[in-house]
Structures are given as structure tokens and as C-alpha cells.
Amino acid sequence: MDLLEYQGKELFARHGLRVSSGKAVTDVDAAVAAAGEVGYPVVVKAQVLIGGRGKAGGVKLAADEAEVREHAQSILGMDIKGHTVHTVWIEHASDIASEYYASILLDRAAKKPLVMFSVEGGVDIEEVAERTPEKLIRRHVDPLAGLSREQAVQIARDGGADADVVEGVADALVALYDVWLSEDATLTEINPLIVTPDREVRALDAKVSLDGNALYRHPENQSLSDSANEDPLERRAKEEGVQYVKLDGDIGILGNGAGLVMSTLDVVAQAGGRPANFLDAGGGSNADTIRGAVELILANDAVKAVLFNIFGGITRGDEVAEGLIAAFGQLDERGKSTPFVVRLDGTNDVEGRRLLAEAALPNVYSAATMNEAAEKVVALASGRAAGAGVSA
Ligand code: GDP
Ligand code: MN
């Protein structure tokens with residue numbers, strides 16, 4: 001679960017990391033009022049779950065009321081890489097002497113938290129990592145001991161922080177680690193971590209991802225999930241209790257069990273196709289569950305063909321088939337004209353396939369194996385014939 005900058009900054013402040021004071025607002029008048037409260041000059045910042053807002057024109061300095069009005073007007077409603085700006089954050093502008101970079105994430109290969117620090121912040125950190133990797137310090141932390149002050153000071157020194165702010169940078173790193181650990185974050189990143197002319201170290205930006213599965217331990221963070229900024233389909237899936245992740249291909253995917261769905265994505269990709277989504281229907285086999293899932297898949301206009309990959313375990317193949325048949329009967333025109341490939345295997349698969357064949361659904365094709373199913377659906381999505389249908 002990604003947080004908006006201002007939400008991340010709220011968490012930072014709670015853990016003693018220095019940030020500028022500000023206010024989140026959703027209209028121009030409120031932006032002007034907020035600017036008056038935090039004091040000029042201010043920065044008007046688009047709140048969207050995507051980086052590079054500055055380059056896209058979503059971060060603007062304003063010296064007076066007229067400028068706040070102008071910038072809030074242009075930034076609210078702006079589209080930044082497909083994300084519409086609904087909220088702007090108004091904060092008191094900082095004077096900047098240096099822009100550093102700091103982040104904490106989990107290095108899964110090393111099974112340890114990883115601290116990254118660079119004095120070349122403010123820009124694309126990927127570029128720094130690529131062109132001058134020696135300028136991006138990477139240090140693992142003992143997960144049991146945590147990030148000690150000594151290690152944080154060492155990281156700041158090794159990274160080349162100005163001598164007079166080594167202590168300030170170390171404080172920021174320790175606080176950032178505290179946020180990462182105690183809030184169950186998967187990523188905490190500050191770019192830029194600034195040094196002001198009077199040598200204060202402060203987070204000017206915040207990127208925080210929280211582990212959604214650990215949210216139950218943080219009831220106070222639950223309200224941070226910003227539904228207006230989520231993908232509308234993913235929001236709808238969440239409301240319906242379906243595990244759905246939107247992807248950018250054109251082949252809709254439905255399976256039962258997260259592992260099966262993930263391997264289905266792989267097999268489709270291997271067959272040269274591009275999945276449009278991840279959807280795990282879980283153990284659900286009744287018509288309502290399946291119809292809901294199909295509607296969700298087809299709500300994505302990019303979908304040209306759909307692959308059903310069902311392995312019967314506790315969920316029986318004949319039940320799934322009945323659910324499918326009932327669901328297909330209730331589909332709208334677009335649903336009916338979209339080709340479906342069904343691979344049914346496992347408990348009562350023969351019976352399930354027989355039911356499907358008897359139903360003789362138009363535009364529904366069966367496949368005996370996952371590979372065959374993937375090849376068929378890729379062919380159908382690209383407008384080629386897929387061979388025999390279920391009824392053939
Ligand atoms: P991003 O582009 O989405 O990463 O947004 P940031 O919050 O990092 O802002 C982008 C850039 O705007 C920063 O790297 C700064 O150079 C500049 N910026 C942001 N806030 C201020 C500020 O308070 N004062 C000044 N002078 N520049 C700022
Ligand atoms: Mn930034």
C-alpha cells in the first residue's frame with residue numbers, strides 16, 4: 001500500500017524525522033488559505049502515487065497569493081503519468097544547500113534490511129546507481145540489532161555527507177529505519193533529504209509503502225489507504241473481496257489459488273501473450289462469484305480474450321462448470337462476444353468438461369493442459385482462430 005507524500009511525511013514526523021509543516025487541500029481557495037497559514041514562500045505539490053512530479057510540472061514554488069492560486073489551479077486536475085491530481089500539499093518552502101538521498105528496504109536475497117544513502121539526491125536515483133554506483137552507499141542492517149547510531153554515522157560518512165551534518169544525517173537514517181520497522185513498511189525513501197543553508201537536515205519528499213498484510217497491526221494507518229488514488233478496478237475488486245491486480249496486457253486471467261494464477265501469467269507470457277490482470281477467485285465456484293469475476297475482468301477495455309484456469313481440489317470441476325455456465329448466461333453483449341478459453345483439471349474434471357460441452361456455449365473453448373490453454377488464448381487475443389470449441 002503506497003502512501004501519498006504528505007501521508008508519508010505524517011508518519012515521518014511521528015517518528016521524529018524533520019519535515020516542513022504544511023496542509024493537504026483539494027481546492028484552490030483552500031490552497032490559498034493553507035499558504036497563508038504555513039507562511040510564504042510555499043511549495044504547491046501534486047499528491048499522486050507516482051514519482052517524477054517535479055519534472056512533470058506538479059511541484060511549483062509560490063511567493064504570494066496570486067502564484068499559489070495560479071499553481072493550485074493548474075496542478076489540481078492535472079494528469080501525471082496517468083494519475084489525476086485530486087489533492088495538493090502546500091508546505092512552507094525550504095532553502096536548499098544540498099540534496100541527499102536515503103532509503104530503507106528489505107533485501108530479500110540477503111534476508112536483511114538495506115540502507116541506501118547518497119549525496120547525489122534530488123535526481124533520478126536509478127541514474128546515479130547506474131552511472132556512478134560508488135556514489136550510492138548500500139549497507140545491510142542486522143535485523144535483530146537494528147540500525148545503530150554508530151552504523152548510521154558510518155553510512156553518512158562513507159556516503160560523503162558534509163562533516164557538519166553527519167550527525168543530522170545519522171539521526172534521519174535512524175528515524176527512517178524506525179519508520180520502516182515499526183510501521184511495517186516495505187519501503188521508506190527520502191529524495192531529496194535536504195541540507196538547509198543553516199545546516200538542518202530535513203525530508204523534502206516522502207515515499208512510503210506499507211505492508212498491506214500487516215495493516216491489522218496498525219489500525220491508525222488503515223485510513224491512509226487513499227481510494228481516490230487507487231486504480232478504480234482494483235478498488236472495486238477490494239470492495240468485492242476479490243484478489244485482483246490490474247496489468248497492462250490484453251488477456252484476462254482467472255484462476256483459483258494465487259500460485260496457480262501466477263503460473264498462469266507465466267505460461268501466457270511464455271506463449272507470447274500479455275496478461276491484463278491477476279485474478280484469484282479463491283475457492284469460489286458459484287455462478288455469482290464467477291460472474292462477478294468475469295465482469296471485473298471485462299471492465300478493463302483492453303481485454304480481448306479470457307483464460308479460465310481452474311484446478312479442482314476442494315472446489316469440484318463440475319461445480320465450477322455449473323458456475324461458468326450460469327455466469328455465461330448472464331453476460332452482456334461484450335461478455336458474450338469475448339472468447340473464453342477454459343482449462344479444467346483435477347477433481348471431477350471429466351464431469352465438468354462434459355457439462356461445458358453439453359452447454360455448447362458460443363465463444364467458449366476448452367483446453368486440456370495449461371500450455372494448450374495459453375496458446376489458444378494468445379491466438380484468440382490476436383484475432384486468430386483457436387481451433388475447436390467446447391462443443392466441437
Ligand atoms: P518528485 O519530483 O515527485 O520527486 O517531487 P519532490 O518532492 O522530490 O520535488 C521535486 C524537486 O522540487 C526537489 O528535488 C526540489 O529540487 C524541488 N523542491 C521541492 N520542494 C522544494 C522547496 O521547498 N524549496 C525548493 N527550493 N525546492 C523544492
Ligand atoms: Mn522526490
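How far apart do the C-alpha centres of domain 1 and domain 2 lie? In this predicted model, the C-alpha centres of domain 1 and domain 2 lie 26 Å apart. The protein chain is divided into domain 1 (21-92), domain 2 (98-221) and domain 3 (231-381), with bounds from an automatic or database domain assignment. Residues are numbered from 1 along each chain as its sequence is written, chains are lettered from A and ligands numbered from 1 in the order in which they are written, and side-chain values use heavy atoms, with hydrogens and water left out. Local features need pLDDT of at least 70 and side-chain atom pairs count only at pLDDT 80 or more, whereas totals for chains, interfaces and linings use all residues.

Ligand 1 is surrounded by 17 residues, of which K45, R53, G54, S94 and E99 are the closest; a residue is counted if one of its heavy atoms lies within 4 Å. At least three residues of this shell come from each of domain 1 and domain 2. Strands β2 (42-46), β3 (59-62) and β10 (185-195) each contribute at least two shell residues. Helices (H or I, at least four residues) and strands (E, at least two) are DSSP runs numbered from the N terminus. By residue class, the shell comprises 7 nonpolar, 6 polar and 4 charged residues; Ala, Val, Leu, Ile, Met, Phe, Trp, Tyr, Cys and Pro count as nonpolar, Asp, Glu, Lys and Arg as charged, and the others, Gly among them, as polar.

Polar contacts (pairs of N or O atoms within 3.5 Å) involve several of these residues. A polar side-chain atom of E99 is placed 2.7 Å from an oxygen atom of ligand 1. Backbone atoms also take part: a backbone N or O atom of G54 lies 2.8 Å from a ligand 1 oxygen atom, and a polar backbone atom of S94 is 2.8 Å from an oxygen atom of ligand 1. Taken alone, ligand 1 exposes 570 Å², and the protein buries 79% of that area, as computed by the Shrake-Rupley method with a 1.4 Å probe.

Backbone geometry was also examined. A cis peptide bond joins Y40 and P41, with omega about -5 degrees; P41 is located in the loop between α2 (28-38) and β2. The bond from N191 to P192 is likewise cis, with omega near 10 degrees, and P192 belongs to strand β10. K81, a residue other than glycine, has a positive phi near 45 degrees and is found in the loop between β4 (79-80) and β5 (83-84).

Terms used:
A polar contact is a pair of N or O atoms within 3.5 Å; within protein, one must be able to donate a hydrogen and the other to accept it, and residues adjacent in sequence count only if both atoms are side-chain atoms.
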